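This report goes through one protein model, helix by helix and then as a whole. The sequence and the structure come first.

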Amino acid sequence: MLNNVNAIGPEQPDQAAGEEKVAPAADKAYVAKATKAAVEFESFFISHMLHQMRESTRAIAPDDSPTKDKVNQDMTDMVDNMLAGNMAQQRAFGVADAILRQILPAPLNKTS
């Protein structure tokens, strides 16, 4: 039964003759998109972490605390989002670098 199994090779019809398959990671556009997505994910991660920290602070704060004021909450949320974006651009937590190490080949995943 196994004798009838064909080996997968370059002669298969899904590959054109003489055309080399290029790994998507070798494409500069792919690397740029992957880097942008990794940095955006790190920004989301940091923003969510800061949001949870603020929520914890608000939960234990007394009723007359400035942190419970809705105007202050909106402003601190906006500042936290901006801070998260800036920290992600600097790759402060290393989340984007870890993602890029996993999805890009070693010569292309410049994480510095």
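## Helix α2

α2 is made of 20 residues and reaches 29 Å from its first C-alpha to its last, close to the 28 Å expected at 1.5 Å a residue. The model is a predicted one. Seen down the axis of α2, its buried residues fall within an arc of 55°, so they line one face of the helix. These buried residues are Gln-73, Asp-80, Ala-84 and Ala-88.

The buried residues of α2 pack against α1. On the other side of α2, Val-71, Met-82 and Gln-89 are exposed.

Which residue with a positive phi follows α2? It is Arg-91, with phi near 55°. A positive value is found here in a residue other than glycine. Arg-91 sits in the loop between α2 (70-89) and α3 (95-103).

Is Arg-91 buried or exposed? Arg-91 has a relative accessible area of 18%, and the cut-off for buried is under 20%, so Arg-91 counts as buried. Arg-91 is also one of the contacts of Val-39, when the neighbours of Val-39 within four places in sequence are left aside.

## The nonpolar core

The largest nonpolar core has 8 residues. They are Val-31, Ala-34, Ala-38, Val-39, Ala-88, Ala-96, Leu-100 and Leu-104. α1 and α3 each supply at least two residues of this core, and α1 gives the most, with 4 residues. In soluble globular proteins, nonpolar side chains tend to be buried together.

Val-39 belongs to this core. Leaving aside its neighbours within four places in sequence, Val-39 is in contact with Ala-88, Gln-89, Arg-91 and Ala-96. Ala-88 and Ala-96 are themselves listed in the core. Ala-88 is also among the buried residues of α2, whereas Gln-89 is exposed.

## Arg-58 in helix α1

Arg-58 lies in helix α1, which covers residues 28-60. With a relative accessibility of 8%, Arg-58 counts as buried.

What does Arg-58 contact, leaving aside its neighbours within four places in sequence? The contacts are Thr-67, Lys-68, Gln-73, Thr-76 and Asp-77. One of these, Gln-73, is a buried residue of α2.

## The aromatic pair

A search of the whole structure finds 1 aromatic pair. The rings of Phe-41 and Phe-44 have their centres 6.5 Å apart, with the planes at 40°, so the pair is tilted. For the angle, the cut-offs are under 30 degrees for stacked and over 60 for edge-to-face.

Both Phe-41 and Phe-44 lie in helix α1, 3 residues apart, which is about one turn of the helix. An α-helix has 3.6 residues a turn, so residues three or four places apart point the same way. Phe-41 counts as partly exposed, at 42% relative accessibility. Phe-44, at 54%, counts as exposed.

## The protein as a whole

The protein has 3 helices and 0 strands, and its pattern along the sequence is α-α-α. Of its 112 residues, 22% count as buried.

Among contacts with a separation of 6 or more, 66% join residues 24 or more positions apart. The protein exposes about 8700 Å², and carbon and sulfur atoms supply 59% of that area.

Methods
Residues numbered from 1 in each chain as written. Predicted model: local features only at pLDDT ≥ 70, side-chain atom pairs only at ≥ 80, totals over all residues. Heavy atoms only, no water. Buried < 20%, exposed > 50% of the residue type's maximum accessible area, 1.4 Å probe, protein only. Contact = heavy atoms within 4.5 Å. Expected span 1.5 Å × (residues − 1). Arc of directions from axis to C-beta. Core = buried A, V, L, I, M, F, W, Y, C linked by side-chain atoms within 4.5 Å. Phe/Tyr/Trp six-rings, centres within 6.5 Å; stacked < 30°, edge-to-face > 60°. Areas by Shrake-Rupley, 256 points an atom, 1.4 Å probe, with all protein chains shown as cover.
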